[in-house]
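Please look over the sequence and the structure shown here before reading on.

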Amino acid sequence: MLIFQEVTKKYGHNLSALENASFRVNEGEFVSLVGRSGAGKSTVLKLLLREEEPSEGNIFFQGVDISTFHHNELPFYRRKVASVFQDYKLLPSKNVFENVAFAMEAAGRPNKEILEDVPQALDAVGLLGKEARFPHEISGGEKQRVAMARALVQRPEILAADEPTGNLDPIHTWEIANLLLKINEMGTAVILATHDEMVINALKKRVITLHDGKIISDKEKGGYKIK
Amino acid sequence: MENIFRVLKNSWRNFSRNLWISMAAMFMMFTALSVIGTLFLFNASLSKFVSGLQDRVDVSAYFEKGTAEEEILAVKIQLENRENVKSVRYISENEALDIFTQTHQGNEILLNSLEELDENPLQASLNIRVNDPSLFSREVAFLENSSASEYVESINFKENEEVINTVSNISANVSRGGFIFIIGLGVLVILVTLNTIRVAIYSAREEIYIMKLVGASNWFVRMPFVLTGAWYGLISGLLVIGFSYLGTWLLHSRVSLIFADIDLYGYLVQNLFTYSALVLGAGLLIGTASSWIAVRRYLNV
């Protein structure tokens, strides 16, 4: 479904954030991207979301080179690739329900569908009953779950998660990791960028390890050890 | 339909969220639209004033005493056949005397001295009115060069001509100056509005980023900001219309006393639709154009 083909991303002349990276992600697969800070994990996700363009190489989604999308086609692509981030990216002026509904509104979905889907997504992430709370009234783990509910209502093909547990304590980290597994079981491919050793080792899923912008290993049911 | 409503809602939020800076943009726009509106009213009333004066402009050709009435009437027919001539009125010597007596009814000395004279001192004349007063000189030249010229003693324009020229010049100068002023002010308004929208874009950057991530269409992201500029134009325009209405109403009695022909309030009421269309149209155009530029320059989707 997703192919990175010899992708290089350079900033300026000398600084390579990603070098000659090639990998493939199948439908419904769970892949963890691991490595230290600056290894190139976030760059992979930015390229996947087409926030950045590769300096060299190609990225194919469902057989189409994503760099060929015209900017009018890009929103349709982005509806298929949802994302969650370490800093949640919730809107402080909107409550939990509105933050999730906002994604559907922005995608042009009808109100009727929003009223049906948002409670379902909030139920899936265990936030039913907290719809009226504002981001500053809930914990970090809950904020991340709101972000996941927002991603879920997009019904994406891929969920790109950039250090989603980075700001969380171990208990909330587990909650989020389990949610990612649950979303994956529902058929969405998950690409999780993290340096959380404990999470990777517990997931027992495919692990791609990056170091200085290069893929140094790609293992089914891999592990990770911070050296 | 739901999407249009959402876009409108978002544009209103952009407007109210940056209320103070929106005020600055609206103040500038209010000023510009007031100038446009004032200029419109000023020009309209001046041209009404001028056309009122032009209606009253005429030229009189005085004939030597004793000129046969047939000669004068022959000239009258020749003049009436000319394209630019609206009407020609023959005033006989006796008629002229009647008019004179009537005009100076209260002036005993003048009337008594007139009676002292043996004969009527007034001359017969042709009073000519034309369609286009700027072409008066042609009619004068025609009279001077015609066969009747030997009987014509004098030709005189009424004083109005000078007034007309002065007012026409003022009107033209005000239009020209006002136009340049509006262009300058327009550029200023566009710059201020553009920067206000830029601030609105900046303060909504998180929202824009999330919109992009969740696949909002470019239209959905951009349109609220474009419409925010339109809100500035619409609200400022409505304020200008309201203030013009109030202002002209307050001035109504005072200005009318000075210039009987200038009734700004009456003119505004009569042309409220045109005036509103002009002010609102200009406001919406300036507002939308500046926010469009801001969105193209500062909002990457």
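Which residues in helix 3 of chain A meet which residues in helix 5 of chain A? In this predicted model, Val96(A), Asn99(A), Val100(A) and Ala103(A) in helix 3 of chain A meet Val146(A), Ala149(A) and Arg150(A) in helix 5 of chain A. The residues of this contact divide into 5 nonpolar, 1 polar and 1 charged. The axes of helix 3 (residues 96–106) and helix 5 (residues 140–152) of chain A come within 8 Å and cross at roughly 30 degrees; since angles under 35 degrees count as roughly parallel, the two helices are therefore roughly parallel to each other. Their crossing is right-handed.

Chain A also holds an open sheet, in which 4 strands follow the order 2-1-4-5 with antiparallel pairing. Strand 2 (15–25) and strand 5 (64–65) of chain A stand at the edges, each with a single partner strand, so one side of each is left without a neighbour in the sheet. Strand 1 (residues 2–11) of chain A is joined to strand 2 of chain A by 7 bridges, and Leu2(A) stands opposite Val25(A) in strand 2 of chain A. Helix 1 (residues 41–48) of chain A lies across strand 1, strand 2 and strand 4 (56–61) of chain A, and runs at about 65 degrees to strand 2 of chain A.

Between the chains, the contact takes residues from both partners, as follows.

| Chain | Residues in the contact |
|---|---|
| Chain A | 18 residues |
| Chain B | 16 residues |

On the side of chain B that touches chain A, the elements that give two or more residues are helix 1 (2–17), helix 8 (205–213) and helix 9 (218–258) of chain B, and helix 8 of chain B gives the most, with 6 residues. The residues of that side divide into 7 nonpolar, 4 polar and 5 charged.

Key: Residues numbered from 1 in each chain as written. Chains lettered and ligands numbered in written order. Predicted model: local features only at pLDDT ≥ 70, side-chain atom pairs only at ≥ 80, totals over all residues. Contact = placed C-beta atoms within 7 Å. Nonpolar A, V, L, I, M, F, W, Y, C, P; charged D, E, K, R; others polar. Pairing = 2+ DSSP bridges. Axes fitted to C-alpha atoms, helices over the stretch in contact; angles between N-to-C directions. Parallel < 35°, antiparallel > 145°, perpendicular 65-115°, else oblique. Left-handed = near helix turned anticlockwise from the far one by under 90°.
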